[in-house]
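Here are my notes for your first read-through. Keep the model open beside you and check each point as you go.

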Amino acid sequence: MIRLEAVRKQFGGFTAVERADLSIRRGEFFAMLGPSGCGKTTTLKMIAGFEQPTSGRVLLENVDVSRVPPYQRNVNTVFQQYALFPHMTVAENIAFGPRSKRVRRSVYLPQVREMLEVVRLSEFADRKPRQLSGGQQQRVALARALVNFPSALLLDEPLAALDLKLREAMQFELKRIQREVGITFVFVTHDQGEALTMSDRIAVMSQGVVEQVGTPEEIYNEPASLFVAGFIGSANLLPGRIAENSSEGSIVDLLAGPRVLAHGPEQMLVGSQVSVMLRPERLSLLPAAEAHQLQISGRGLEGTVRELVFQGASARILLQLPDGTRVVTNVATDADLPFLRPGDSVAMTWKPGAAYLISGWPEHAGANTTDVDSVEAAL
Amino acid sequence: MSAPISKRGRIARWALNLFAAAVLLYLFTPIIWIVAFSFNEPAGRFNIAWQRFTLDNWRDPFSNQGLTEAFVQSLRIAVLSTSVATVLGSMIAIALSRYSFKGSGPLNFLLVLPITTPEIVLGSSLAAMFLDWDINRGFATVLIAHIMFQVSFVALTVRARVRGFDWTLEHAAQDLGAKPLRTFWKVTFPLILPGILAAALLSFALSIDDFIITLFNAGSLSTFPIYIDGSFKVRFPPQINVLATTILLASVIVMVVGLLWGQRSRRQQS
């Protein structure tokens, strides 16, 4: 449906998008996720036609549109600040697209009315945008775009301007509208939670490069790079070297000492630098006495409890490995934890398959520094 | 209840009010004078000493043919030059705020020049140029001169308005299928129209009352200010006061209407 082939975009000496290869399917809810400055908005603008790629091609419905101006592309955008026309009423805003394309009045008027119903704003048709709340303005922007029956709807951080409560409500609203109209949604966000809950597939971008494209589960469970692992959710990244490859996975010599068993997307060469990713909620804690047995099976580490933060349904525990590396775990509070006090020694274990291999070494071994900070700040 | 004021405080406040009144009197005396003398029945050719109240002057404001002709010339020049300058100046303003291009820095500087340069310099150098090129000075040269300084005023006034313009609105229009021309007329233009109107009014006023630059480039043409200047020497008919009062009235009406309009649109926005 939408295809980007080796798209690159430079502004003077600055490269905003290094290389983007993407293929977005019809009817899909697709997210482009990354920190600010990663090139996701520039990529969206190249699909919309506001920017032209320095090299590479943008294809819509198998037609190369790289040099086609925005007003001749059959995609529509919902802008971050909505960009509603302040001098027009809600209905006039929605009718702007069809009127620009010289659609007959008798044809577009019912369509405008129908769109107003889809976004539940029928009684606001004659208001000016300024008389509406942020959420209502956003729905006008949606209706104004969707009334053109675009082959794809592009949304640039559509929820960023809303407060937290409204944002959560709009996530469901967007999903509902997308199901109702069946149009491809391409959605740019820096909020991983938003991307994970709403999308069918996610492209994670960093510094102008698409790091990984996959379903939320794939992105979360099998991150393709250290960046993806650190950006999506919390991750403990333990650096090491491949010692041995077996049918069950790879045995890794951690710099922190013990050997663990982990699996990755492909076999990696013995001796290559890798990181073992352990998600905090996949770790469980056992009495220290069991550490030795667990380490032999390659599914255990020994550590000391540093901090404990009760969070209601779960507790967040900061552990220190013998070499000083800090690891964060989330433990359900219904688990029996009478033995846990700061300073206690514990054994940490995980289910087979929970340790995932990523090539390369992280900047900081162990938990994301932000996670460590958040635990310490809570105390 | 306001706090009790000491005696010194009361004197200070009284002095401040007196001072304010004096300043207002100083500012408005000439205007009041002009308006009052439009109702005077002059003795002789000079309407400068109060005789008695009459409405005759207002009944026949165009009785003085030379004055009427000069007034009409001024209006024609103001309408034409304002139209041209508003279009040119608005285009410059939009270009300057919309795009950053080679030479936009020097252009910004050049825009301010006609405003900061003394009128005597602008007027005389323009006249010298026309003389050098053997161009007869008259209606056309005055028109050119007025457009020259009006363009700067229009461009700077419109630019102040356009500065806050959200250019993603243009993106939104194009995204919805509007070609650049439709985008301009349906989105950009209606939104910056108040700024353009304000600029047009300002430059109209500048043209109507310009004296120095006009005098240098008018040749034998007589405009309203030039006629008034000349009339001091031979005769000063009360029709001058009538027409001046009319202009004053017109600008006050425009100002009040603009103010009400602005308040209304602000109320709608909030």
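1. Start with a definition. A residue counts as buried when its relative accessible area is under 20%, as exposed when that area is over 50%, and as partly exposed in between. Keep in mind that this is a predicted model.

2. Now apply the definition to Pro42(B). Its relative accessible area is 24%, so Pro42(B) is partly exposed. Pro42(B) sits in the loop between H1 and helix H2 (56-59) of chain B.

3. Look at what surrounds Pro42(B). Setting aside neighbours within four places in sequence, Pro42(B) is in contact with Asn47(B), Gln51(B) and Pro238(B). Asn136(B) lies 94 residues from Pro42(B) in sequence, and their C-alpha atoms are 38 Å apart in space.

4. Turn to the second largest pocket. Its volume is about 980 Å³. The lining has 32 residues; Ile208(B), Asp209(B), Ala244(B), Ile247(B) and Leu248(B) lie nearest the centre. Of the lining residues, 25 are nonpolar, six are polar and one is charged.

5. Which helix gives the most to the lining of the second largest pocket? H11(B) does, with 12 residues. Helices H1, H3, H8, H10 and H11 of chain B each supply at least two residues of this lining.

6. Finish with the two chains. In chain A, 24 residues are in contact with 19 residues of chain B. The area buried between chain A and chain B is about 1900 Å², and carbon and sulfur atoms give 65% of that area. Tyr71(A), His87(A) and Phe96(A) supply 31% of what chain A buries against chain B, more than any other three residues. The count of salt bridges between chain A and chain B is zero.

Key
Residues numbered from 1 in each chain as written. Chains lettered and ligands numbered in written order. Predicted model: local features only at pLDDT ≥ 70, side-chain atom pairs only at ≥ 80, totals over all residues. Heavy atoms only, no water. 1 Å grid on protein atoms, 1.4 Å probe; cavity = no way out; pocket = protein on both sides within 12 Å on 5 of 7 lines; lining within 4 Å. Points joined across faces, edges and corners; volume = space filled by probe spheres on them. Helix = DSSP H or I, 4+ residues; strand = E, 2+ residues; numbered from the N terminus. Nonpolar A, V, L, I, M, F, W, Y, C, P; charged D, E, K, R; others polar. Buried < 20%, exposed > 50% of the residue type's maximum accessible area, 1.4 Å probe, protein only. Contact = heavy atoms within 4.5 Å. Buried area = accessible area lost by both parts, 1.4 Å probe. Salt bridge = Lys/Arg side-chain N within 4 Å of Asp/Glu carboxyl O.
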